[in-house]
Amino acid sequence: MENYGIDEIDYRILHYIIEDSRLSHKEIGEKIHMTGQAVGARIRKLRELEIIEGYTVRWNPQKLGQNIHALITVFLSSNKAHPLFQKFALEHGSVAELHRVSGEGCYWMRVYVKDHEELASFLDQLLEFGNYRVSLGMGQLK
């Protein structure tokens, strides 16, 4: 495994950013006994190496009325369906994640919808591309 020229301190900084990307350089520096300026330089290096690709927010879909969390394995009906399916999934607002997978199925997707009717409608649209298997999230543990 290539480490791209990063050391244990870089890994520790990355760990703190993953846990809470709102931490200031100074706060991270206090945890690892460095100045905020030195931490900032290391974070810039991690961005330049594309180890850090961006920052994100953890959110609660239920607070926005999206009460159904579905994990869907998609089985496409033909190789020609891939481009159209990808366009559909990337543009659909209910799809939070889309992964091309090996093994069972062609794609794995995470979908948030407000109710069973909206999920049924979404699944009906998926049938245009192939078949699917659905598992409903019962609660996030990590």
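Contact here means heavy atoms within 4.5 Å.

**Basis.** I am reading a predicted model, in which local features need pLDDT of at least 70, side-chain atom pairs count only at pLDDT 80 or more, and totals for chains, interfaces and linings use all residues. Residues are numbered from 1 along each chain as its sequence is written, and side-chain values use heavy atoms, with hydrogens and water left out.

**Helix 2 and helix 3.** I took helices (H or I, at least four residues) and strands (E, at least two) as DSSP runs, numbered from the N terminus. In helix 2, I found His 25, Lys 26, Ile 28, Gly 29 and Ile 32 meeting Gly 36, Val 39, Gly 40 and Ile 43 of helix 3. This contact divides into four nonpolar, four polar and one charged residue. Ala, Val, Leu, Ile, Met, Phe, Trp, Tyr, Cys and Pro count as nonpolar, Asp, Glu, Lys and Arg as charged, and the others, Gly among them, as polar.

I then looked up the packing of helix 2 (residues 25–32) on helix 3: the angle is about 105 degrees and the axes are 8 Å apart. Helix 2 is therefore roughly perpendicular to helix 3 (65 to 115 degrees). Axes are lines fitted to C-alpha atoms, for helices over the stretch in contact, and angles run from 0 to 180 degrees between N-to-C directions.

**Helix 1 and helix 3.** For helix 1 (residues 8–19) and helix 3 (residues 36–48) I noted an angle of about 85 degrees, with axes 10 Å apart. Ile 9, Asp 10, Ile 13 and Ile 17 of helix 1 meet Val 39, Arg 42, Ile 43, Lys 45 and Leu 46 of helix 3. I see six nonpolar, no polar and three charged residues in that contact.

**Annotation.** An unreviewed UniProt entry gives "domain: HTH asnC-type" for residues 6–67; such annotations may be inferred rather than shown by experiment. I found that span to be 53% helix and 0% strand, with its end C-alpha atoms 41 Å apart.

Conventions: Parallel < 35°, antiparallel > 145°, perpendicular 65-115°, else oblique.
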